[in-house]
Amino acid sequence: MAGGRELVVSFGEMLIDFVPTVAGVSLAEAPAFLKAPGGAPANVAIAVSRLGGGAAFVGKLGDDEFGRMLAAILRDNGVDAGGVVFDAGARTALAFVTLRADGEREFMFYRNPSADMLLTADELNVELIKRAAVFHYGSISLIAEPCRSAHLRAMEIAKEAGVLLSYDPNLREALWPSREEARTMILSIWDQADIVKVSEVELEFLTGIDSVEDDVVMKLWRPTMKLLLVTLGDQGCKYYARDFRGAVPSLKVQQVDTTGAGDAFVGALLRKIVQDPSSLQDQKKLEEAIKFANACGAITATKKGAIPSLPTETEVLQLIAKA
């Protein structure tokens, strides 16, 4: 990247997931829960770091035991926590996550409001954001003020500094007041991103059409974009760049828990893009980067929990070599 920058800065929420000790049960039926650090933007930052890249996180945590634990987890995983601030008056967010028998998830959130929602624009670590090669974010930080204004300001700072903007909406319908508001707010910043990744569920939610055909995906394409990705779970990924498009199949694994697999994919892809930005204009290089990201996501789905499952580069290359 410009000036040799390879730092990926993630913005948004970090929280504690409480996951049942057994799969395939409802929250009410779960005999016990394990606490697991989570939050998509934080997962992405740790995914980048686990792969040997430079990563930082910008967000707000409660000044409580869970908040301090999460900040320590970032640091222990090699992520720059210089953008983390603490709120003495609000708790760190919690989410209870059910793992269905097929490894997919359902959520129940505790954030009324949680600390991540209370980040203000004045609390942003501006210099950290300016140093980034990529500034990555989701849409949960758009739900409520003052975090929404902090999010928009952080995007402005990054854009003015020539940083690539990466957007994974990471739809969590239960957190929004309505489906309509979710769709409106998610799309309100759509035109500003350079790289956008959506799942097939998010594609249907945003377009209103249950199809992954090119004409449907192109409804989400903008001329300002460099790359649009649609992840298809164990079916791989479709990609759309300015001058070419295609699909890259997934690697077959035994899924145990899909938590964090999409974040692992994003982190791996961003790691490859900052290492070689020309991959955004070179189809062969881009397909190699997506293959690497698919493998990273696949490995993450073979184990329980997001952060403990994120692989190293060696593990990813071993899976690719075996495929």
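1. L227 is found in strand 11, residues 227-231 (helices, H or I of at least four residues, and strands, E of at least two, are DSSP runs numbered from the N terminus). Leaving out residues up to four places away in sequence, L227 touches D194, I195, V196, W221, Y239, Y240, L269, I273, L280 and L286 (contact means heavy atoms within 4.5 Å). From L227 to E13 the separation is 214 residues in sequence and 24 Å in space, C-alpha to C-alpha.

2. A word on the basis of these notes. This is a predicted model, in which local features need pLDDT of at least 70 and side-chain atom pairs count only at pLDDT 80 or more, while totals for chains, interfaces and linings use all residues. Residues are numbered from 1 along each chain as its sequence is written, and side-chain values use heavy atoms, with hydrogens and water left out.

3. Nine strands form an open sheet in the order 5-4-1-8-9-10-11-12-13, with mixed pairing (two strands pair if DSSP finds at least two bridges between them). Strand 5 (80-87) and strand 13 (245-248) stand at the edges with a single partner strand each, so one side of each has no neighbour in the sheet. On average, neighbouring strands of this sheet are turned by 15° against each other, direction ignored (axes are lines fitted to C-alpha atoms, for helices over the stretch in contact, and angles run from 0 to 180 degrees between N-to-C directions). Strand 12 (residues 237-241) and strand 13 run antiparallel and are joined by four bridges; Y239 has G246 as its bridge partner in strand 13.

4. On to the nonpolar cores (sets of buried Ala, Val, Leu, Ile, Met, Phe, Trp, Tyr and Cys residues joined through side-chain atoms within 4.5 Å). The largest has 57 residues, and M14, L74, L227, L229, L269 and I290 have the most contacts inside it. Helix 9 (residues 283-300) gives the most to this core, with nine residues. A second, separate core has 47 residues, including V9, Y137, M225 and L228. As for L74, residues up to four places away aside, L74 touches M14, A42, I46, F57, V79, A81 and V84.

5. Helix 1 (residues 40-50) lies across strand 1 (7-11), strand 4 (54-62) and strand 8 (134-137), and runs at about 150° to strand 4. Ten of the eleven residues of helix 1 are buried. Their cover includes strand 3 (33-38), helix 2 (65-76) and helix 8. Just after helix 1, G52 takes a positive phi of about 95°.

6. Helix 8 is also worth a look. Its 15 residues (261-275) should span 21 Å at 1.5 Å a residue, and the end C-alpha atoms are 21 Å apart, which agrees (the expected span is 1.5 Å times one less than the number of residues). Twelve of the 15 residues of helix 8 are buried, among them F265, L269, R271 and I273.

7. Finally, a loop residue. S141 is found in the loop between strand 8 and helix 4 (147-160), and is buried with a relative accessible area of 4%. Neighbours within four places in sequence aside, S141 is in contact with F11, G12, E13, C147, R148 and H151.

Technical notes: Buried means under 20% relative accessible area, exposed over 50%, partly exposed in between (1.4 Å probe, protein chains only).
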